[in-house]
Amino acid sequence: MQSSLDYFGETHHILRQTVARFVEREVKPFVDEWEEAGEFPRELYRKAGEIGLLGVNYPEEYGGSPADIFHEVVLTEELTRSGSGGVSAGLMSLSIALPPILALGTPEQKERFIPPVLRGEKVAALGITEPGGGSDVANLRTRAVRDGDHYVVNGSKTMITSGTRADQVTLAVRTGGPGHRGISLLVVETDTPGFSVSKKLRKMGWWASDTAELSFEDMRVPAENLLGEEGAGFYGIMNNFQKERLYLALMANTTAALALEESIKYARLREAFGKALMGFQVTRHKLVDMATLVEVSREFTYRIAAKIQAGENMVKEISMAKIFATDICDRVCHAAVQIHGGYGYMRECLVERLYRDSRILSIGGGTSEIMKEIISKMML
Amino acid sequence: MKSLVCLKQVPDTETQIKVNPDGTGIVTEGIKYVINPYDEFSVEEALRLKEKFKAGEVLILSIGPDRATEAIRTALAMGADKGIHISDESLNNSDPFVIAQALAAAAAQTEYDIIFCGHRAIDDDFGEAGAMLAELLKLPQVTLVTKVDIADDKTKAIVERDVEGGKETVEVPLPCVLTSQKGLNEPRYASLPGIMKAKKKPIDKKTAADLGISPEPKLRSNAYSMPPERTAGKKFEGMEPPDVAKAVVQALRNEAKVI
Ligand SMILES: Cc1cc2nc3c(=O)[nH]c(=O)nc-3n(C[C@H](O)[C@H](O)[C@H](O)COP(=O)(O)OP(=O)(O)OC[C@H]3O[C@@H](n4cnc5c(N)ncnc54)[C@H](O)[C@@H]3O)c2cc1C
């Protein structure tokens with residue numbers, strides 16, 4: 001069941017097979033265990049790195065494989081097909097942590113901080129959100145004060161994906177005055193004295209990905225770890241969001257597609273009042289509604305991806321895609337649980353997890369409300 | 001070590017196969033195609049031989065319509081060096097004899113120390129092409145191979161093969177034809193760098209005329225049909241266990257005729 005074949009060529013098909021097989025062999029058999037454990041083995045990063053999955057669309061000189069946006073689409077979709085948003089989010093935390101390094105870093109910084117992550121030897125995280133607020137990035141409070149060759153960092157971050165075991169965090173800090181011009185990005189190695197994981201957070205969904213609260217006490221970070229100029233951080237963060245929103249829209253579409261597929265299977269098998277659920281018109285119509293939402297959302301997201309690929313500015317449209325996809329995902333997962341009845345509420349049922357995993361998608365990477373603020377500024 | 005790997009593109013094992021309405025073949029629309037799994041073992045083994053000898057070549061040979069390039073490209077992405085794609089209407093859907101003749105003609109135009117075939121293709125399940133190819137090339141062959149060791153001087157192979165309930169080890173001079181069986185190895189993934197590199201690897205397209213053959217099939221398929229639909233099972237209820245056991249045995253013997 002593949003649509004818009006024209007976006008995908010031979011290399012995309014082969015990559016899809018590779019990722020699907022990787023998921024089938026290395027992820028699916030263990031997913032339930034990892035979900036319960038609240039993390040997956042670090043080994044998985046290395047396994048994915050070995051076959052180049054972490055380096056999609058990174059320059060060859062840093063150990064990546066130049067590709068196009070639809071290779072990224074394929075990777076995101078097939079990882080999400082594992083049925084665990086957490087595995088996908090945790091394994092790919094580099095996809096939000098590395099782009100600022102690539103965009104703002106010096107060749108030396110890129111050489112230091114990118115290849116080990118693409119090989120899966122080191123784990124990278126992005127630290128922006130603070131206990132005091134996530135949406136209002138321009139007002140973040142973690143402070144970095146220059147002291148000779150170092151910055152002395154004090155403050156805290158929260159809800160950081162891969163935060164409990166990251167080796168490096170691309171950290172948003174305030175080096176200057178108030179507002180977005182005072183924000184800079186530092187790459188922090190987590191063995192730096194003063195860095196600590198204050199809490200491993202327990203979540204509604206995305207169980208297989210570890211999420212942490214981080215605290216920094218007089219943490220001395222070499223000034224050479226500053227990305228770009230002081231004050232360039234806000235730009236680096238915003239620039240990053242475009243792709244993150246695309247990935248989240250893709251995760252939403254795929255999560256919804258899985259929920260739909262599960263529901264179709266279940267409606268064929270489950271009987272009530274002497275016939276299969278599929279025998280009830282109300283069920284069939286519900287499934288059609290779900291399928292329509294998935295189809296429309298997927299096609300729209302693909303179209304925006306193609307335009308991003310062509311170099312068009314799609315900030316408004318990708319924000320729309322994220323709102324739409326994450327909303328239909330919530331609705332489709334809700335309907336999927338309903339079709340499954342009480343079983344849909346049980347842990348052993350995939351749609352139960354999809355329902356929980358769906359909820360973060362309209363919050364992370366910028367909430368739907370923030371998306372609407374962005375769009376309204378651009379169109380009104 | 002130069003290996004020639006014969007490879008077929010087949011419907012994915014998870015594809016639901018349907019026979020077309022006039023019973024002349026299967027419905028091809030919407031089918032996802034993959035490398036025949038046994039041929040994937042061949043590709044992997046050939047790559048390992050090349051790595052072991054730190055020299056040589058892995059050449060992929062496939063017969064099929066245009067879509068088969070994707071299967072060849074996948075093998076190139078795994079690490080094979082070159083492909084030959086024999087694409088000719090007269091060869092599509094033909095019998096194993098025609099396929100073996102085309103493979104033999106193509107093989108004659110190349111250099112190899114060893115030829116790998118899958119021991120069968122999972123779509124039509126003939127399991128004949130490899131054996132016929134060996135005959136046509138007048139080469140020794142070993143079927144159902146699960147382990148391959150090549151002597152350092154590349155004059156012979158020590159090969160393990162499946163036999164009922166065990167293994168047989170045989171020695172065979174090179175060049176030869178080996179047909180791969182499950183258990184031979186665990187095929188590697190086509191890595192992303194491999195996939196991108198494979199774009200630039202050459203695939204040589206050939207027709208029957210290029211091979212100088214105009215083969216006549218020996219078989220003609222008359223009809224395809226689906227196995228009968230499974231009927232509902234029979235329930236034995238409301239009986240004491242010993243009576244159930246008796247009734248089930250009776251049913252298995254007299255109705256299902258399986259014991
Ligand atoms: C599982 C998970 C993983 C995460 N991973 C990371 C990570 O790796 N790195 C990272 O930095 N962060 C991460 N986050 C944090 C995430 O980015 C934030 O939760 C998100 O940006 C929202 O910030 P907040 O939670 O502080 O909510 P707030 O900003 O406090 O918002 C609360 C509510 O107010 C609304 N609101 C805020 N401002 C406005 C406005 N101007 N107009 C209208 N409504 C408004 C919001 O939409 C929301 O509904 C993660 C979160 C979760 C749950």
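## Around the ligand

Of the 21 residues around the ligand, the ones that come nearest are Ile128(A), Gly134(A), Ser135(A), Thr367(A) and Glu369(A). Three elements of chain A each give two or more residues to this shell: strand 1 (124–127), strand 3 (150–161) and helix 14 (368–379). Keep in mind that this is a predicted model.

Sorted by class, the shell has nine nonpolar, nine polar and three charged residues. Two domains of chain A have a hand in it, with at least three residues drawn from each of domain 2 (124–231) and domain 3 (235–379).

## How chain A is divided

Chain A splits into domain 1 (5–118), domain 2 (124–231) and domain 3 (235–379). If you look at domain 2 and domain 3 of chain A, their C-alpha centres lie 30 Å apart.

These two domains also touch: 10 residues of domain 2 of chain A are in contact with eight residues of domain 3 of chain A. On the domain 2 side, that contact surface has seven nonpolar and three polar residues, and no charged ones.

Start with helix 11 (residues 281–309) of chain A. After the helix comes Gly311(A), which has a positive phi, near 90°.

Helix 13 (residues 350–358) of chain A is mostly covered, with seven of its nine residues buried. Those seven are Leu350(A), Val351(A), Arg353(A), Leu354(A), Tyr355(A), Asp357(A) and Ser358(A). They pack against helix 2 (31–37), helix 5 (85–91), helix 10 (233–269) and helix 12 (315–340) of chain A.

## Where the chains meet

Across the interface, 16 residues of chain A are in contact with 13 residues of chain B. The chain A side of that meeting has seven nonpolar, seven polar and two charged residues.

## Two residues in chain B

Leu61(B) sits in strand 4 (residues 57–63) of chain B. With 25 other C-beta atoms within 10 Å, Leu61(B) is buried, because 20 or more is the cut-off for that label. Setting aside residues up to four places away in sequence, Leu61(B) touches Leu4(B), Val5(B), Cys6(B), Leu7(B), Ile84(B), Leu103(B) and Ala106(B). As for distance across the chain, the C-alpha atoms of Leu61(B) and Ile259(B) are separated by 46 Å, and the two residues are 198 residues apart in sequence.

Asp162(B) belongs to strand 8 (residues 156–163) of chain B. Beyond its neighbours within four places in sequence, Asp162(B) is in contact with Leu144(B), Thr146(B), Lys167(B) and Gln181(B). Asp162(B) and Lys206(B) are 44 residues apart along the chain, and their C-alpha atoms are separated by 35 Å.

Note on methods. Residues numbered from 1 in each chain as written. Chains lettered and ligands numbered in written order. Predicted model: local features only at pLDDT ≥ 70, side-chain atom pairs only at ≥ 80, totals over all residues. Buried ≥ 20, exposed ≤ 12 C-beta atoms within 10 Å, placed from the backbone. Helix = DSSP H or I, 4+ residues; strand = E, 2+ residues; numbered from the N terminus. Contact = placed C-beta atoms within 7 Å. Near = placed C-beta within 6 Å. Nonpolar A, V, L, I, M, F, W, Y, C, P; charged D, E, K, R; others polar. Domains from an automatic or database assignment.
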